[in-house]
Amino acid sequence: MDGPGRQGDLAQGLARFARIWEGLQGRVVSRRLEGALGRAIACETTEGEVLVLTLSRAAIEIAAPRPDNAPHATVRMAREDWARVLTGELHVMAIILAGRARFPKDQRRLLMQFSMLLQTAMLSAGAAAPRDVGARAARPPSRAARPAVTRTYAEFACGLRFEDIPPDVVEIAREQLVATIGSCYTGSMMPAAASVRAGLAIMGEGGQATLFGGRGRMPAPAAALYNSAVAQVLDFDDWVIISHSGAAVVPTAFAAGEAAGVSGRDLVAAVVIGNEINGRTSRAIQRGAYVGNSMPNHQVETALVAGRLLGLTPVEAQRAVSHSAFLAMESCHTGWMTDSKVLCNGLPAMWGITSASLAKAGLLGNLDMIEHPAGLLATVSEVVDEEELLKGLGTEWYTRTLNTKRHPSCAYNLTAIECALALHDRIPGFDPLKVAAIEIEGPGVMLYVAARFQALEPDVYEQIREGTATHVALCFDAGFGALAALAAGEFSYRQYLAEGIQSPVVQRLRSRVTFKTDPAMHAAYYSDYQYGARVRVRMEDGAEFVEERLQLLGARDRPFDHAEKFREGACHFLPESRVEMALATLRCIDAVEDIRTVMNQFEIEQGAR
C-alpha cells in the first residue's frame with residue numbers, strides 16, 4: 001500500500017484491517033467507541049470502488065453493497081488517501097479536516113468513532129512507514145478543487161456597488177427597512193423588550209448605535225441584538241426564499257453602519273448583500289432539519305454585512321465569517337415557547353459585528369468556513385446542496401422573493417388571521433360568545449406548526465400564566481391567532497399581552513376550534529410558497545360563514561403599504577410629525593451621505609413609553 005493506490009487496493013487494505021482487528025479481540029473498543037459496532041460503513045474510493053464494512057467486537061464483515069444493507073455512514077476518499085489511512089499513517093478525520101472527504105451532520109459520531117478505531121487498530125500492528133513529505137505528485141486534489149464559496153461571498157460583499165443593484169431591488173430593500181423598523185417599534189411594546197434593554201446594559205451604555213423603541217444608544221453589537229430581538233419577539237419579521245432575513249440583516253446594517261458612518265447607499269447595498277447570501281445559504285440547507293426562522297445560517301450574512309460596512313478587505317471578511325460561524329448557533333426546539341426565541345437572529349447580529357471587528361483587528365480565521373466539509377453548513381445540516389450556494393449570485397436577485405407581514409405571527413398563520421378579521425367584520429351583529437364552531441383549513445405545514453405546543457402539561461395557556469412559557473408559543477399557533485382576531489376584530493401586539501391571551505372570550509373559543517388539511521393548499525404551498533387558508537365559522541343559530549385567502553398579505557405577489565406597519569409601531573414612541581419624517585427618510589435613505597446625521601429622527605421622545 002505504499003504507492004498511489006491501484007484497483008483492488010481498497011479491498012486488500014480492508015482485508016488487512018480485518019485480520020488485525022480480529023487479532024485484537026475487542027481490546028481497543030471502549031464504551032465511548034462501541035457505537036461504531038454493528039453499523040454498516042460504506043468505504044468508497046473516488047475512482048469507483050465500494051465495499052461495505054461492519055464491525056463487531058471481535059470480527060469484521062466486508063461485503064459488496066446490496067439493497068438490504070444500506071450503510072449508516074459513508075467514507076469516500078481518493079485511493080491515495082485510503083492508502084495512507086489503511087497503513088495508520090493518517091486517520092479518516094485527518095482527511096476530512098484537509099477538506100478531501102465529507103463529514104455529514106447525521107454521520108459525525110459514527111465517522112469519528114470509526115476513524116479512531118481504524119487508526120488505533122492499524123497502529124497496533126506497528127508504526128506506519130514514514131513518507132517523503134515532498135512527494136506530492138500522487139496525492140489527491142487539495143481543498144482548492146472545491147468552489148471557493150466563502151471567498152466568493154466575501155468578494156461579493158466587499159465589492160458590490162450600489163450602481164450594480166437593479167432599481168427594483170433597491171426599492172424592495174428600502175421598503176424592507178420600513179417594515180423591519182416598524183416591527184422593532186411594535187415589538188418594543190412587549191414586556192420582553194424592557195428585559196432585553198436592561199440586560200444589555202452590562203455591555204455598556206451610550207455608544208454608536210440607535211435602539212428602535214429603546215431608550216438611549218448602545219455599542220453597535222448590543223444595539224444590533226436589541227433591534228433584532230424586538231423585530232422578532234412577535235415573529236413580525238420578513239423572509240427571503242425560506243429563511244428569515246430582515247431581523248438579522250437590518251439591525252446588523254444599521255448598527256455597523258452607524259459605527260462606521262456609512263452612506264445610505266452603502267446601507268442599502270449591505271441589506272441587499274445580506275438578503276442575497278441568506279437566500280443562498282438557506283437554499284443549500286433546506287433539506288436539513290431547519291426551516292424558516294430557525295435556519296442556522298445567519299452567522300454568515302451578518303458577518304459579511306458588518307464586514308462590508310466596517311471596511312474589511314475580502315480576506316478579512318472571510319476571516320470574519322470564520323469567527324462568526326465557529327460556534328454554530330442551532331436553536332433548541334423547546335426554546336421556541338419562551339422569550340429565548342428572540343436570540344435566534346439577535347445573537348448572530350451581535351456576533352457578526354463583533355467577528356468583523358475581530359477580523360479587522362487582525363485575528364486570523366479559516367478562509368473556507370462555509371463550504372469546508374467540517375465547516376458551518378455541514379455542521380448544522382444533514383444535507384447540503386452545494387450547487388445552491390453560488391447559483392445566480394449577482395445576476396439573479398433573491399431579494400425579489402422578500403415576503404413581509406401585515407400582522408404579528410408566524411407566516412403559516414397569517415391567512416387564517418386575515419380570514420378571521422374579515423369574518424368579524426362581515427358577520428351581522430357578530431357576538432363571539434355565540435360562536436358554536438371554528439374550522440381552520442390549510443396546508444399541512446400550517447397545521448403542523450399550530451399543533452407544536454398542544455401536548456404540553458399543564459397546557460400552554462397555564463404555562464404562560466405560570467411563567468414557564470410566554471406569548472412566543474402562541475406566535476406559532478394558528479388556532480390562537482384566528483380566534484383572537486375573531487374575538488377582538490384586530491390582531492396586534494395587544495392580543496399577545498396577558499389580558500389578551502387570558503381573555504375569557506379567547507378561553508371560551510379555544511374549545512370551538514378544529515383543523516382540517518386542504519390538499520390543494522398543501523400542494524400550492526410546496527410548489528409555489530402559497531400560504532392559503534380557509535376559516536369557517538358556525539354560529540349557535542346554525543348560520544355559517546366562510547372566508548378564504550390563497551396567499552398572505554405581504555407576500556411578494558400580494559404587497560401592502562409598509563407605511564401602515566411603520567406608523568402603527570412608531571406612533572407609540574415618536575410624535576406624529578417625526579413618524580412621517582422618519583418614514584420619508586427611510587424611503588430616500590440612499591440620498592443620505594452619512595446615516596448618523598438622520599438617526600436622531602428615530603430616537604424615542606422623553607415621556608414616551
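Trainee: In which loop is Tyr529 placed?
Mentor: This is a predicted model. Helix α21 covers residues 519–528 and strand β11 covers residues 533–539. Tyr529 falls in the loop between α21 and β11.

Trainee: Is Tyr529 buried or partly exposed?
Mentor: The relative accessibility of Tyr529 is 28%. Buried would need a value under 20%, and exposed a value over 50%. Tyr529 therefore counts as partly exposed.

Trainee: Which residues does Tyr529 touch, and how far is Gln551 from Tyr529 in space?
Mentor: Neighbours within four places in sequence are left aside here. The contacts of Tyr529 are then Ile242, Gln286, Ala524, Gln551 and Arg556. Gln551 is 22 residues from Tyr529 in sequence, and the C-alpha to C-alpha distance between the two is 8.6 Å.

Trainee: Where is Ile241, and what is its phi?
Mentor: Ile241 sits in the loop between β7 and β8. With a relative accessible area of 8%, Ile241 is buried. Although Ile241 is not a glycine, its phi is positive, at about 55 degrees.

Trainee: What is the phi of Asp235, and is this residue buried or exposed?
Mentor: Asp235 belongs to the loop between α8 and β7, the latter being residues 239–240. Its phi is near 50 degrees, which is positive in a residue other than glycine. The relative accessible area of Asp235 is 2%, so the residue is buried.

Trainee: How are α6 and α8 oriented to each other?
Mentor: Helix α6 spans residues 167–187, and its axis comes within 7 Å of that of α8. The two axes cross at roughly 85 degrees. Angles of 65 to 115 degrees count as roughly perpendicular. The orientation of α6 and α8 is therefore roughly perpendicular.

Trainee: Which residues make that contact, and how many of them are charged?
Mentor: From α6 the contact uses Thr180, Ser183, Cys184 and Gly187, and from α8 it uses Asn227, Val230 and Ala231. By class, the contact of α6 with α8 has three nonpolar and four polar residues, and the number of charged residues is none.

Trainee: Which residues does Arg567 contact, on the same terms?
Mentor: Arg567 is part of helix α22, residues 562–570. At 34% relative accessibility, Arg567 is partly exposed. Leaving aside neighbours within four places in sequence, its contacts are Val579, Glu580 and Leu583.

Trainee: How are α5 and α10 oriented, and what is the hand of their crossing?
Mentor: Helix α5 (residues 149–159) and helix α10 (residues 264–284) have axes that come within 10 Å and cross at roughly 160 degrees. Angles over 145 degrees count as roughly antiparallel. The pair is therefore roughly antiparallel, and the crossing is right-handed.

Trainee: Which classes of residue make up the contact of α5 with α10?
Mentor: On the α5 side are Tyr153, Phe156 and Ala157, while α10 supplies Ile273, Glu276, Ile277, Arg280 and Thr281. The contact has five nonpolar, one polar and two charged residues.

Trainee: What do the buried residues of α13 pack against?
Mentor: Helix α13 covers residues 343–360, and its 18 residues reach 25 Å from first C-alpha to last, close to the expected 26 Å. Its buried residues include Cys344, Met350, Ile353 and Ala359. The buried residues of α13 pack against α8, β8, α9, α11 and α12.

Trainee: What is the omega of the peptide bond from Glu457 to Pro458?
Mentor: Pro458 is in the loop between α16 and α17. The bond from Glu457 to Pro458 is cis, with omega near -5 degrees.

How values were computed
Residues numbered from 1 in each chain as written. Predicted model: local features only at pLDDT ≥ 70, side-chain atom pairs only at ≥ 80, totals over all residues. Heavy atoms only, no water. Axes fitted to C-alpha atoms, helices over the stretch in contact; angles between N-to-C directions. Helix = DSSP H or I, 4+ residues; strand = E, 2+ residues; numbered from the N terminus. Parallel < 35°, antiparallel > 145°, perpendicular 65-115°, else oblique. Left-handed = near helix turned anticlockwise from the far one by under 90°. Contact = heavy atoms within 4.5 Å. Nonpolar A, V, L, I, M, F, W, Y, C, P; charged D, E, K, R; others polar. Expected span 1.5 Å × (residues − 1). Buried < 20%, exposed > 50% of the residue type's maximum accessible area, 1.4 Å probe, protein only.
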